[in-house]
Amino acid sequence: MLLGSIYRFFLCFIICFFSVSCSSFEFSLGGDYLLGGLFALHEVDHAKPQSTPEAVECSRHTISVSGYQMFQVMRFAVEEINNSTTLLPNVSLGYEIFDHCTATKNFPAVFSFISQNGSIKPKEMLSDHQPKVIALTGPYGSTRTVTIASLLTIDLIPIVSYGATSYALSNKLQYPSLLRTVPSNKDLIQMIIRIIQWFGWNWVAFLGSQDDYSEDGLKQFNKYINNTDICLAYQDTLSLEANYSLALKKIDMLKINVIVVFAMPQNVKNIIKAAIANNIRDKVWIASETWSMDKQLPREPGIEKIGRIIGITERLLSLPGFDEFIFKAKGTSNVHNNDSVEVQGDTCNQACESCSLLTAEEIINENPTFSFAIYAAIYTIAHALHNVLQCDMTECHKNTTVRPYMLLGEMKKVDFSLNGHQVKYDDNGDPTVNYAIMLWHTETNPPRFEMVGTYDTFPEITFTINSSLLPWHNNGSVPFSNCSVECKEGYSREREGLHDCCFQCKKCPRNSYVNYSRDPNTCFPCAENEWSVEGSTTCKTRSVVYLEFTEIPSIIFMVSIICLMSFFIAIFCLFAYNHDTPVVKSAGGSMCLLMLACLIMSSISLFFFFGNPTPAHCILRNFIFTFFFTVCLSCLTVRAFQIVCIFKMAAKFPNLHSFWVKHNGHWLFIVFSSVVVLIACVLWVTVAPPKPTRDTLSFKDQVILTCENGNIITISIIVFLCWFLGFLCLVFSYMGRDLPKNYNEAKSITFGLVLFYVSWTAYITAVLTLKSKYILLFNAIAQLASISAIFFSYFIPKSYIIIFQPKKNTTAYFQTSIQNYTQTISRT
């Protein structure tokens, strides 16, 4: 049964190949070199299933005026080249043209092209093989081209396609001998995406037909919108029998107002007719190259209501002399050209009886989209042949053997100007892009096309649209085709549903911003040294602040410290000079000088509160004050205890008093307290030392440079020791409130300690309630107040006696005071 089927196939093929006659001489022309041409002069609307293999007779189907026009462009180009005196001089081109009306059942033409002397030899060596044609152009459409390309590329027969745009054909490993004079779907899709982005649309539909052209276009569209804001809300590839109304109703229900129609003309007609029938209104239709310049669709009744149609086509270039050629051809369609030689042995699908019924006007006014592409394809072959034959301005070396692969090599290198357009090919065999954006004016009679934009890749990439030429329906405003209204400035998108284009708007919080070019869906946090208010698109730089030496408060404070330290040193010298006087001895003698020295050292720490804080600043400002001031407090505590001990403890607890005096208890206590505080301070700056920090929370527009306090446990120990010594001192001062006036220091010590507690309480309150760089100044003031309180309450009264009341600074005066105190005690 299989052998029978094969037999019937070859029988049909032989009958078709040899017995069908042509209707005119137009399909064949003799010449030194033959070119092949494949054009769809007829349209096969519905492919019918067949029980036996057979070739399709195209002439039995509907005539295609557009296909016949393309057919005539090839004939015109060949005649023009043959009449040229500079291109291929003394060489004539001939052609063999076939009607290629279907993709899968039109192989007789291809077999004829690759045959040599009427036969096909498999596994022919390229160096010896000489097919019937040296190159061919066509067929129209990606599917038709893909179907035959593999057969032709086996022998590296050059194919210059004028209407196959599938990006897959750019793969030179699979299609090494194919070039094309129309841009690929990749370029067309990128152009469509540019138009969509130009008008700010992101909610679009894609309709195609079930063929390689549309499927490749859909693939490229999905690929190139990945990194854009465009969402493909609806996509469908429709057969000729599909339910077009249902697809359009879904698009309308989804509120999609921009529809990309990337389909073959037969499917496009069904889509447009269904849109008119279903009252689809005010859409934007983006037409691919296959139907962007269709002459019949704009005349469909009611098409003006469906919206605006924007077509993309190659830049329309005129073909001077073509109109005259058509008028001449139609006038002599049944008479042979005297200058041409008819090729004998006409084969299947070289007949077009209906073509003779077409008028010259019908042909000339047909869709010119692919005319220049065909014209450029023939000229590409001619220029390559010119180079292979090593032609000069007067003659060519006709004795040169021209093999298809030799011609292919030269075709890839051609670079020439044709009617003001540069013809050249990249490594993939693709041409430069020169697109035009055409607006359909369907409301006029007759309908017209207006160029409103351009897109070129040579000599550089340029893209322009004249928006003023687009009369939109909604009071002239650009139609809205977005899933969601664009967010206001400072609002990020929060996605809803499956598509990125569908979202809610969320205001960015304080200290964050939204960058629409980086990611419109995220509120990015500002850097540490930046700030922003709610709803920001950028962050502002924070000002960095700290207590500078040059500020007025800092200068006043430092001058005060210097004056106070000078005063401390003067009093220290005064006490040292009067070391043996009763006033100094009653104040503590050597202990008094230690206290003054500690107060001077504590004052030094105040200078480290100013300037840009460093680790040394943070340690020294706290370590120096804490240690030396605590030593001073321990001295003051011991001094208060000694006075009580002398006057009260000696009488009531003589043994304990004797032990205290014998072992220098006051110095032991001072040393012990100092060592404990020193250990605590060392632990503090060792375990977790104070260090510079940037306060970014207190102020939105400022970064405050300050110091963090370090480990909380060690700080707590130090604060406890300091405050505990102060508390003991207060207790002992209260116990000695009734001592002799010369020894009664309760009031001065109490005043100093109360001022000490008040200053630090005020500072802590300020820290908890206020946020400012001047908090550091408050800290310094608290330290200064603590130092000054002890100094002025304890040392100034004694200094006053030494300087202004020397009579009270005598042994007799102190003894009289003790005697009076003893008499008073004995009476009580």
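**Exercise 1. Work out what share of the chain's contacts join residues at least 24 apart.**

Start with the term: a contact means heavy atoms within 4.5 Å. Next, keep contacts between residues at least 6 apart in sequence; in the protein chain, 72% of these join residues at least 24 apart. Bear in mind that this is a predicted model, where local features need pLDDT of at least 70, side-chain atom pairs count only at pLDDT 80 or more, and totals for chains, interfaces and linings use all residues. Residues are numbered from 1 along each chain as its sequence is written, and side-chain values use heavy atoms, with hydrogens and water left out.

**Exercise 2. Find how much of the chain is buried.**

Call a residue buried if it has under 20% relative accessible area (1.4 Å probe, protein chains only). Buried residues then come to 51% of the 828 in the protein chain.

**Exercise 3. Describe how α2 packs on α9.**

First, locate the pair: α2 spans residues 65–82 and α9 residues 322–331. Their axes lie 10 Å apart, at an angle of about 105°. So α2 is roughly perpendicular to α9 (65 to 115 degrees). Now look at who meets whom: α2 residues including Tyr 68 and Phe 76 meet α9 residues, among them Phe 322 and Ile 326. Sorted by class, this contact has 7 nonpolar, 2 polar and 4 charged residues.

**Exercise 4. Do likewise for α13 and α21.**

Helix α13 (residues 552–577) and helix α21 (residues 775–804) have axes that come within 11 Å and cross at roughly 30°. That makes α13 roughly parallel to α21 (under 35 degrees). Finally, sort the residues: 19 are nonpolar, 2 polar and 1 charged in this contact.

Terms used
Axes fitted to C-alpha atoms, helices over the stretch in contact; angles between N-to-C directions. Helix = DSSP H or I, 4+ residues; strand = E, 2+ residues; numbered from the N terminus. Parallel < 35°, antiparallel > 145°, perpendicular 65-115°, else oblique. Nonpolar A, V, L, I, M, F, W, Y, C, P; charged D, E, K, R; others polar. Buried < 20%, exposed > 50% of the residue type's maximum accessible area, 1.4 Å probe, protein only.
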